[in-house]
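Here is my note on the model. Please read it with the structure open.

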Amino acid sequence: MILKLAWRNIWRNKRRSLITIASIMVAIFLAIFMRSIQLGMYANMIRNVVGNYSGYVQVHAKGYWAEQSLNNGFEVDDDLTSKILAVKGVTNIVPRLSNFALASAKDLTKGLNITGMDAQKEAFMKPIEDRLISGHVFRKENEVVIGKKVAGYFKTSLGDTLVFIGQGYHGSNAAGKFVISGVIDMKNPLLNQSTVLMDLKAFQNYLDAPNVVTNLVILKNEYTNETQLAHRLAQALDSNTYEVMDWHEMQPEIDQTIQVDSIGGLIMIAILYMIITFGIFGTVLMMVQERMYELGIMVSIGMKKLKLAAIIFLETILLSLMGVILGMIAVSPVVYYYHINPIDLSNAGSKGIESFGFEPIIPALLDPSIYSTHGLIVLGIAMLIGFYPIWIILRLNPIKAMRA
Amino acid sequence: MSIITTKDLFKIYNADSEIEVRALNGVNLDIQEGEFTAIVGPSGSGKTTLLNIIGGLDQPTSGSVIINDTEVTKLSSNQLIDFRLHNIGFVFQAYNLIPVLTALENVEFIMMMQGQAKDLRQKRAIELLKAVGLEKEINKRPNKMSGGQQQRVAVARALASKPRFVLADEPTANLDSKSTAQLLDIMAALNQKEGTTFIFSTHDQRVIDRAKRVITLDDGKIISDV
């Protein structure tokens, strides 16, 4: 009967209830859509930079990350490999050798980060071929693949030569000529302007560092938490020899960029919720005030105040719940559409977005937690507002209420 | 047997100010079980205040109300709600039904609050609605019924909880003569057949004419009791 009463009371003033439900629905729609787009952009960035390139967890020689020098590299032997593979959640290991070099072509020079990689093992991550814009993956020792902005900077094309000069292993000089075999889109503006990829063995030879690697990218199960995995790996390995880092430690700038960017979106959503709060409160206020006589009657004939308060509280929750559910239903196909067909800003002033390190393609993120979070926020607001009628009813004097 | 006793009942508004209003000025009253009593008097004589205090809806400034050995003036707000639910039926002047419930549900509602089983309360609600001549209107909501029909539902609801007595505050004030006559017939029949005690506050001569006992109030005092 309490539920029946609450439900029927909602529809006593259909227009007002529908307006309130519609406003909650629009707020939920906008909040979920805005957040899906925003988090989708971040997830895309993390996937491009972390998931498809740096990996979620890496093992280095101790001190390498603080001083990223070739001399802080290490050799990978079977014992180390088996120890790492034995850790729960690890699915594979991808060795890499990274070093800086000065690259020249024609009369242009640029400092670049060269990464030597084993194309076979890289296939466990996002295959390099999938990201090539033109050309092919390095097949010969003197072939390199360069980021698309590196190619743009040097105004080079496939088959052109880049000259690298840098420091080799233990202070030796390293210099070499390399042919551009492919141009790659790293799906990240910053990586695109500094990346050069080549064969691991070829790079080790160029640096005179046979068998040396600087990074072991750890591949993990999809559902394994990277921070917990890094912790397990750190326990399994000798901490005096190796350091284990997750991407949050290695690339705090991504976290920071996301946090800074995220604040703007959250402020917008907070404003939206503030407006909704006043909307719901206005409705609840009217629901109580216009029924004071009736509430007085109900208490007079013996209805317990707590039960009466529960009815009005339930009305507030039901009203909000309808708005939340309808908002979720309405936004789902839109979010799904933009998940499948990301918003492409590459032709519409994407420089601002790129300067933050984001790819100018924004896929909406399909994540149930976005729905549950915003649904719970609105229900939380409704519950808080619901305390107002409870307070009014607990203080209700039936005689005064019936005179109102 | 006396079911309601009031002793030196005073209700004074603005007691500390110069414009003190004595709504009840020492009312001593005994109501016997099975009475059909009208409390009459001019506006402002204290009729509604007396009914509100007897019904536990209001507190006297001093004095006591004893209903079946329970001094209701000493009960807490929550105890009073419970006491009203099990002991007193109310009929108010107008618009006193829950608008979103049907006639049947309105009558059932009070029994639901008493915790009665659904089949029992439905059976009794239908019986009561038949008794007040509304068997065809049980599924109508108040806004689809006339004022007279609404008051009859209110009487059925007041009786649903099997109260010790029914307090009716100006129950015929908004009714035409036909509806008033019907309502009075029903209440008189219930009083005679089932011994239900009715106490009215009224201006209405038609009600006064049907009452077995008429208590007249003026300036908060009983000036006649016949």
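At what angle do the axes of helix 11 and helix 13 of chain A cross, and within what distance do they come?

1. Helix pair in chain A. Helix 11 (residues 252-289) and helix 13 (residues 305-340) of chain A cross at roughly 145°, and their axes come within 11 Å. Axes are lines fitted to C-alpha atoms, for helices over the stretch in contact; angles run from 0 to 180 degrees between N-to-C directions. Helices (H or I, at least four residues) and strands (E, at least two) are DSSP runs, numbered from the N terminus. On the helix 11 side, the contact (heavy atoms within 4.5 Å) uses Ile280(A), Thr283(A), Val284(A), Met287(A) and Val288(A). Helix 13 of chain A brings Ile312(A), Glu315(A), Thr316(A), Leu319(A) and Ser320(A).

2. Basis. This is a predicted model: local features need pLDDT of at least 70, side-chain atom pairs count only at pLDDT 80 or more, and totals for chains, interfaces and linings use all residues. Residues are numbered from 1 along each chain as its sequence is written, chains are lettered from A and ligands numbered from 1 in the order in which they are written, and side-chain values use heavy atoms, with hydrogens and water left out.

3. Sheet in chain B. Six strands form an open sheet, in the order 6-7-8-3-9-10, with mixed pairing. Two strands pair if DSSP finds at least two bridges between them. Strand 6 (88-91) and strand 10 (221-225) of chain B are at the edges, each with a single partner strand, so one side of each has no neighbour in the sheet. On average, neighbouring strands are turned by 20° against each other, direction ignored.

4. Inside the sheet. Strand 3 (residues 36-40) and strand 8 (residues 197-202) of chain B pair in the parallel sense over 5 bridges. Ile39(B) has Ser201(B) of strand 8 as its bridge partner.

5. Helices on the sheet. Helix 2 (residues 77-87) of chain B lies across strand 6 and strand 7 (165-169), at about 85° to strand 6. Helix 5 (residues 147-160) of chain B lies across strands 6, 7 and 8, at about 170° to strand 6.

6. Interface. In chain A, 21 residues are in contact with 27 residues of chain B. The buried area (accessible area, 1.4 Å probe, that two parts lose on being put together, summed over both) is about 2,200 Å², and carbon and sulfur atoms give 67% of that. On the chain A side, Met1(A), Arg8(A) and Ile301(A) lose the most area.

7. Salt bridges. The interface of chains A and B has 3 salt bridges (side-chain nitrogen of Lys or Arg within 4 Å of a carboxyl oxygen of Asp or Glu). Asp82(B) and Lys304(A) meet in a salt bridge at 2.9 Å, N to O.
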